[in-house]
2 protein chains.
Amino acid sequence: VLSASPLAAATGAADALVDLFIVLLAAKVGDELFKRLRQPALVGEILAGVLIGPSLLGIAEPTETLEVFAEHGVVYLLFWVGLETRLSDMKDVGGVASRVGVMGVLLPFAAGYGAGSMLGESPETSVFIGAALVATSVGITSAVLIELGAIATTAARTVLGAAVIDDILAMVLLAVAVGVAESGGVDVGSIAVVIGLAVGFVVFVALGGTRIVSRWPDLFHAPRFSESPLLPAVILCLGLAAFAAQIGLAAIIGAFLAGMVCAEMQDRHDFEEEVAPLYAFFPPFFFVYIGLEVDLGAFADLEVLLALLGITALAAATKFLPAWFAARGMGRRDAITVGLGMVPRGEVGIIVAGIGATAGVVEDDLFAVIVGMSILTTLLVPPLLRRALAAPERAAPS
Amino acid sequence: VLSASPLAAATGAADALVDLFIVLLAAKVGDELFKRLRQPALVGEILAGVLIGPSLLGIAEPTETLEVFAEHGVVYLLFWVGLETRLSDMKDVGGVASRVGVMGVLLPFAAGYGAGSMLGESPETSVFIGAALVATSVGITSAVLIELGAIATTAARTVLGAAVIDDILAMVLLAVAVGVAESGGVDVGSIAVVIGLAVGFVVFVALGGTRIVSRWPDLFHAPRFSESPLLPAVILCLGLAAFAAQIGLAAIIGAFLAGMVCAEMQDRHDFEEEVAPLYAFFPPFFFVYIGLEVDLGAFADLEVLLALLGITALAAATKFLPAWFAARGMGRRDAITVGLGMVPRGEVGIIVAGIGATAGVVEDDLFAVIVGMSILTTLLVPPLLRRALAAPERAAPS
C-alpha cells in the first residue's frame, strides 16, 4: 500500500527522505540512551548505525546521499571547532603539535607496513595497511572534547594542530601508495605538486585569511550582505572544504581553517549561535554513517577476528605512544589526552581502505579488518578520554 | 592538477561538496543582486540556477544530491510556514480554501486536457498535460509571502489550506493519469485506498497531532530530551514529510503539518529561532535546482516556444480566475493575492512531467514545455504578488 502511489515511486529524493529520517531518529535514540548511561553520546550514535545497518537490522545502508550528509556532518563539526580556535592559540602549540604529527605518522606507517610484510602480504598491500594506520580522524576526538567541554584546552589545540600536519603527511603517503599499487612506481614530480599545493593552501588560508578578516571585520555584514552573515560564512566553509578535498586533503581541514578565519570576526558577530543548529543537525549523520559501514559478518572467521584485534592494538599503540612521548612536557594528563586524541581512525581509515580496494590491492577480509580497526579505535577513545580528563588538576565537566 | 590526488577521486562526496558550494554561492549572488534591484530574491536564485545550469554556463547540473538538498529546502520552508500557522487559523479559512482548492483543480485539468486534444495529442498524453496544469507549488508562494512579511495574513492561510486540498486532488488525478497511461484503465479500488490514506493522514495529524502536543506541551523538552528540542522537531518534520511522500502526497504537506503541530508548543519554546539557520541554509538549493532544470535550447524551435507561451497563459488564467472568484468575498486585494498565490507550478509541474516522460507518454518537446511553464508561472508571480500586497488598506513591508 505504502508505495502504491505514482508520485512515491517518481523520485529518489522521496526514498532519501525516508533514509535520512531513519538515520536521524536512530542517532537521537542512541544519543539519549548513552547520555542516560553516562557514556559518550557519539558512541551511542555509531552503535545505532551498526544496529540499523546491513550487519544487523538491515533497515539502512550507506547510500551516496547519506555519505554527503555524513561529510557535511564532519565538515560543520570542524568548522565549529575552528570557530573556537584563534591562530595565536595554534602558534603556541605549533612545536609540540609538529612533533606529535610527524612521529604519529612514521611509527604507524612502519608498523603497518611491517605487519603486512610479516603476514605475507605483497609490498603494495603492505603500503596500504601502513597508510590506513596513519590517518587520524580528528572529527571524533573533537566531538568528544566538545562534549566534555574541553575543546578550548591546550591539549585539544595540540591535537588539532597535529591532525593538520598528520593529514598532509598521510595524503603524501597515500599518493605514494596509490602510485606503487597502480604503476609500480612513484612520480616524484606529481608528489611534489601535491605537497606544494597542500602546504601552500594551509599556510595561505591560516595566515592570509585570518589577516584579511581581522583587517575587515565587517566583511560579512550589512550593507555588504543583507540578512545574517551565516550564509557567507557557510559558503566560505563549503568552498574551502571543497578545495581542500580537490587537492587531496581532508575536506575537514578546509572547514577547520574556514572556522579559524571566521573566528577572527567573532567580536562583531556570534557565528557560533547561528551555526549551532547546523552543528546539531548534520553530525549525527556522520556518526551513524560510520556505524553503517561495519560488516560484522566478516569477523565470524576466527583468523579475521584475530587480525582485527592485532591490527587495532598496533594502531592504538603506535599512535598513542609517540604522541604521548612528544607531548610529555605538557604534564601527565595533557600528554595522555594528546596521545588518546590521535588514536581514532574514524572515517579516514575507511576511506583509505576503500581506495586500496578500488586499486585492487585490498581484499575483502583485509577491507573488513581495516574498517573494523577504524571503528574500534573510534569507540575505544571516548570513554578513555573522559576518564583522562577527569583526572586531578581539573574538575570533570558534568 | 586539481584532481591529481588519489583522495580527491576516491569519493563522490568530494564532488558533491563542490556542487553544493557552487549552487549556494550562485544563490547568494542572485539573491543579493535581486534585493538591490528591489526584486524578489527567490527569482534571483532561480535565474542564478538557469545561468549556471546546462543551458548556459554548464558549471552545474541537477544531480541526485542536489535534488535531495532541494527537497530539504522546500521541506524546511513549509515546516517554517507551519510553525507560523495555528489549526484555528486554518479552520477560519476552511470554507473559502476548499472552494479555491476544488475549483483550482477542475478548471486547469479540463483546460489542459482540452488543449492537448485540440493539438492532436493522444488522450493519455492529454491527461498528463491536464495533471501538470493542476499542481500548485505552495513553496514558491510561501517564500514570497515570507519575504513580503505577509505569511500570517488571511489570504496566505487561504492559499495554504487550498494547497493542501489541491495536492490531494492532484495526486488522485495523477494516479488516474498513470493508470490510464500504463494499463489503459483505472483501478477504482486502489484509487480509493490512495484517497483514504491521504485524507486520513492529513486529518489525523492536523487534528490528533495538535491535540496531543497541546495536552503535553513539554513533549520535546528536558528531562525527556537533553539539549534543545530542535532535533525532535526536525525528526518529526522529516518523518511526516517522508510518510506523506510515501503515500503519494507532496513531502511538503507533511512538513507543513509537522510545523503546525510544533506551533502548538511555541509557548514553551521558540522553534522558529532554532530552525532559522536550517531555513536559511536549505531553501536556496530548492530555488537554484528549479533553475537548473530549464532547457532553454528546446525553445529555439518557434512552434515549441509558442506552445510554451500558450500553455503558460492557460495555466495562469485557469488557476487565477477560479481562485480569485472563490475568494472574492475576502475583498479585492485578498482575492487577487489568493488568485496569484495559486498560480506557481514550481517543482510540482516538473515532477509530473518527469512521471509522464517515464511512463512514455510525454515526449521531449512537451517535457520542455511543461518544465518551462512551471518556471514561467513561478517567475511571474513574485513581482505581481508584491504589487498586489502594496495596494491600499495595508502598507507595503519594506
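The model is predicted: local features need pLDDT of at least 70, side-chain atom pairs count only at pLDDT 80 or more, and totals for chains, interfaces and linings use all residues. Residues are numbered from 1 along each chain as its sequence is written, chains are lettered from A in the order in which they are written, and side-chain values use heavy atoms, with hydrogens and water left out.

**Exercise 1.** State how many salt bridges the structure holds over all chains. Then examine the pair Arg86(A) and Glu264(A).

Solution. 
- Step 1. A salt bridge needs a side-chain nitrogen of Lys or Arg within 4 Å of a carboxyl oxygen of Asp or Glu.
- Step 2. The total over all chains is 14.
- Step 3. In the bridge between Arg86(A) and Glu264(A), the closest N and O atoms are 3.7 Å apart.
- Step 4. Arg86(A) lies in the loop between α4 (64-83) and α5 (87-92), and Glu264(A) in the loop between α12 (251-263) and α13 (271-281), so the pair ties together parts of chain A that are 178 residues apart in sequence.
- Step 5. Arg86(A) is partly exposed at 29%, while Glu264(A) is buried at 18%.

**Exercise 2.** Describe the salt bridge between Asp31(B) and Lys35(B).

Solution. 
- Step 1. The closest N and O atoms are 3.0 Å apart.
- Step 2. Both residues belong to helix α2 (residues 12-36) of chain B; they are four residues apart, so about one helical turn separates them.
- Step 3. Asp31(B) is buried, at 8% relative accessibility. Lys35(B) is partly exposed, at 25%.

**Exercise 3.** Work through the pair Glu264(B) and Arg86(B).

Solution. 
- Step 1. These two residues form a salt bridge, with closest N and O atoms 3.7 Å apart.
- Step 2. Each residue lies in a loop of chain B, and the pair ties together parts 178 residues apart in sequence.
- Step 3. Glu264(B) is buried at 18%; Arg86(B) is partly exposed at 28%.

Notes:
Helix = DSSP H or I, 4+ residues; strand = E, 2+ residues; numbered from the N terminus. Buried < 20%, exposed > 50% of the residue type's maximum accessible area, 1.4 Å probe, protein only.
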